[in-house]
Amino acid sequence: MAENSKNIKNTKKGKSGGEAKSSKGTAGKKMTAKERARKKRNKILLIVVELFVLVIMVFVLYGVVQGSKVGKHDMKEEDIVINPEVKEREETTKMKGYRNIALFGVDSTTGALAKNTRSDTIMIASINLDTGECKLVSVYRDTYLNLSNDSYNKCNSAYAKGGPEMAISMLNMNLDMNITDFVTVGFAGLADTIDALGGVMIDVDEAEINHLNSYQFTMAQQLKKEYKEVTQTGYQRLNGLQATAYCRIRYTAGDDFKRTERQREVLMAVAEEAKKASPATLNEIANSVFNEVYTSLDLAEIIELLGEISNYEIVDQAGFPNEQYRTTGNIGSKGSCVIPVDLTENVEWLHGFLFGEDYTASSDVQKYSEKIKSDTSPYLK
């Protein structure tokens, strides 16, 4: 399926969180000298990665202290909607032991991070407070959901209409979540980040090259950057504008599901280059990126996260709606949407994935689920 990752060359250098976790099953076997050496190298690599993340977090903290790099947004508790049954269950379900944060990526070239721009990327980071394990869930931007005001449309329009408050409320209401914090990043800073790293290695195929050049031509005009056409397919080094344009491609087989794969491919390539970067280069990256951040987290919370960063590990990731509980269709004036054919089953799957529990969706979610079926079923026959 298009949602599954393609054979990305960069991934050969490491294991996913899930694979690393499953490898523990061999711990009871007697290791050879070669296996012990490999385990030692893997441990060293993990320490290097953690140190790199720590350096980046130091730069984030520096930006907050300076007061000019990070946009702090004070949200009022009454502006965030959480389903009543979720509030009642908070002390009795496994959600109690987790911190959930919304991550938004907005496709803005004008610095509009507060609202008036649709969220191209919508993610939930769920952190187990006891173990430090983190799971990531991408909510597909075209998913047909309640926008939190009982109007139904593509979920990425919630951020454009009401900023982070409306977008978080949309996630809470449809997914039975209890999110109160967010981080928003503008995609315009991605090109500068990649350029500071000297570019990234990406495998461009025949179906992608024309779309890549079309996107970067438009972005070059918007961002006042030099346009350099990609003239051949294959594994090659792309500059910041080219790689950012590659992230935006969606008009190939797989549509938006394939697009999210490209985003992950570029981010992994960025990580590979960043491991080799000097402190001076990382400082340049910080200056490029951190004026593109808007968040509810305050200085004390960032300091706390900084102190615990070495304990965090991303162990799994997924997309919502889940592949077995979704379809796509053209929903009249709403256009092409990702449809949770049964929102209730999707939410129960999500809570099992994030929190490892058998979950019964709230009556609110069941109501939204029936409304989605009613709205979309005439177009799916």
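Predicted model: local features only at pLDDT ≥ 70, side-chain atom pairs only at ≥ 80, totals over all residues.

Reader: How many residues of strand 3 are buried?

Author: A residue counts as buried when its relative accessible area is under 20%. Ten of the ten residues of strand 3 (residues 119-128) are buried, so this strand is largely enclosed by the rest of the structure.

Reader: With which strand does strand 3 pair over nine bridges, and in which sense?

Author: Strand 2 (residues 98-106) is that partner, and the sense is antiparallel. Within this pair, Phe104 has Ile122 of strand 3 as its bridge partner. Strand 3 is also joined to strand 4 (residues 133-139), again antiparallel, by five bridges, and there Ile124 stands opposite Val137. The hairpin of strand 3 and strand 4 has four residues between the strands, and Gly132 takes a positive phi near 80° in it.

Reader: Which residues have the most contacts inside the largest nonpolar core?

Author: They are Phe104 and Leu171, in a core of 49 residues. Helix 4 (157-175) is among the elements that give two or more residues to this core, and its share, nine residues, is the largest. Leaving aside residues up to four places away in sequence, Leu171 touches several residues, including Phe104, Ile122 and Ile124.

Reader: Is Glu78 buried or exposed?

Author: An exposed residue has a relative accessible area over 50%. Glu78 has 63%, so Glu78 is exposed. Its place is in the loop between strand 1 (70-72) and helix 3 (84-89). The C-alpha atoms of Glu78 and Glu165 are separated by 9.8 Å, although these residues lie 87 residues apart along the chain.

Technical notes:
Residues numbered from 1 in each chain as written. Heavy atoms only, no water. Buried < 20%, exposed > 50% of the residue type's maximum accessible area, 1.4 Å probe, protein only. Pairing = 2+ DSSP bridges. Core = buried A, V, L, I, M, F, W, Y, C linked by side-chain atoms within 4.5 Å. Contact = heavy atoms within 4.5 Å.
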